[in-house]
Amino acid sequence: MSPRLLLRLHRIGLIAMAYFSIFYMLVNSAAFPLIAGKTRAAQEAFGHSVTVLGDTFAWLLPLPIRPDTAAGYLQWRGYGFFAILFAAWGLFSACGAVRRDEDKGLVESWLSSGVSRLRLLATRSVFFAALSAEIVTVAGVAGWLGCVIAGTPADVAGLVGESAALWALTLACFGIGLVVAQLAGDFRAAASAGGVVLLLMFLLDSIGRSSAHRAPFTDISVFFLFNQTNSVAPGGSFDLAATILLFVVGAVATVAAAAAFVRRDVGTGLIRARPRRA
């Protein structure tokens, strides 16, 4: 499979994610003085109001850290939303790489040309990993540039750590999407089941953030692992163990999907609905 063909298959997601990431990160960092004010007193008052607002929307976004700074506001408003966006992109891209290509007859054509199933799935996974790494990097550069325009440059090491965690989350959801796509029978079923899985993982983390006493079972969500890193905000930290665990989830899920792909028939899923009796 040529890189040109793979790029063509991912062109819609690539263009949409690249343009939106650049625009969103620049707006939420460069426009900080216009939103919060240019004086330190105004920015502190704005940070207090965001902190109160963050407690209200704790079910949707992690609690803000130093929202009185451009980097802290970017951490809460930018990367907090990107966790949902990139996770969905990774999962639905995996469903499309498996089920949509089979629905179009592309997989049968590639297999008939001599490409093995393991090589096919590995090629698609490696290409998406490289593609998502580029998009995450572009988003981080746009966020850094926006903070420079705002007059308060963000810590480069913190942006690198947050970008690594976001990339790990994207790959973990891509691996989960590969597994779900092996079970479903077509793209619509795979996308629906994958969306339910993603929603459940988000709700688990949301319940943990919103409740006074976090339940142990809420820590199994990939969103919980990602939210352990908040290194863009001043005073934040990078959780290496949680990031590595996200990479492990993605790798294990990809291996499980490859084993399922070898066992099942092309055009069908591992879970088959019983035919109705006429």
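**Cavities and pockets in the predicted model**

The second largest cavity is lined by Leu60, Pro62, Gly80, Ala83, Ile84, Phe202, Asp205, Arg209, Phe223 and Asn227. On a 1 Å grid over the protein atoms alone, a cavity is a set of points where a 1.4 Å probe fits but cannot get out, while a pocket is an open set with protein on both sides within 12 Å along at least five of seven lines; lining residues have an atom within 4 Å of a point. The model is predicted, so local features need pLDDT of at least 70 and side-chain atom pairs count only at pLDDT 80 or more, whereas totals for chains, interfaces and linings use all residues. Residues are numbered from 1 along each chain as its sequence is written, and side-chain values use heavy atoms, with hydrogens and water left out.

**Second largest cavity**

- About 50 Å³ of space lies in the second largest cavity, a volume being the space filled by probe spheres set on the grid points, which are joined across faces, edges and corners.
- Helix 5, helix 9 and helix 10 each contribute at least two residues to the lining of the second largest cavity; helices (H or I, at least four residues) are DSSP runs, numbered from the N terminus.
- The lining of the second largest cavity comprises 6 nonpolar, 2 polar and 2 charged residues, where Ala, Val, Leu, Ile, Met, Phe, Trp, Tyr, Cys and Pro count as nonpolar, Asp, Glu, Lys and Arg as charged, and the others, Gly among them, as polar.

**Largest cavity**

- The model has 2 cavities of 30 Å³ or more, and the largest cavity holds about 80 Å³ of space.
- Residues that line the largest cavity include Trp110, Gln182, Phe261 and Arg264.
- Two or more residues of the lining of the largest cavity come from each of helix 5, helix 6 (106-112) and helix 7 (117-150).
- By class, the lining of the largest cavity has 7 nonpolar, 1 polar and 3 charged residues.

- The largest pocket has a volume of about 460 Å³; of its 19 lining residues, Leu9, His10, Ile12, Gly13 and Arg100 are the closest to its centre.
- Helix 1 (3-9), helix 2 (11-30) and helix 5 (70-103) each supply at least two residues of the lining of the largest pocket, and helix 5 gives the most, with 8 residues.
- The lining of the largest pocket is made up of 9 nonpolar, 4 polar and 6 charged residues.
- The second largest pocket has a volume of about 240 Å³; of its 18 lining residues, Pro62, Leu63, Asn227, Thr229 and Asn230 are the closest to its centre.
- Helix 5 also provides the largest share of the lining of the second largest pocket, 4 residues, and helix 9 (187-210) and helix 10 (222-227) each supply at least two.
- The lining of the second largest pocket divides into 8 nonpolar, 6 polar and 4 charged residues.

**Helix 8 and the cysteines**

- Helix 8 (residues 156-183) has 28 residues and reaches 41 Å from its first C-alpha to its last, close to the 40 Å expected at 1.5 Å a residue, the expected span being 1.5 Å times one less than the number of residues.
- Cysteine 95 is buried at 0% relative accessibility, and cysteine 147 is buried with a relative accessible area of 0%.

Definitions and conventions
Buried means under 20% relative accessible area, exposed over 50%, partly exposed in between (1.4 Å probe, protein chains only).
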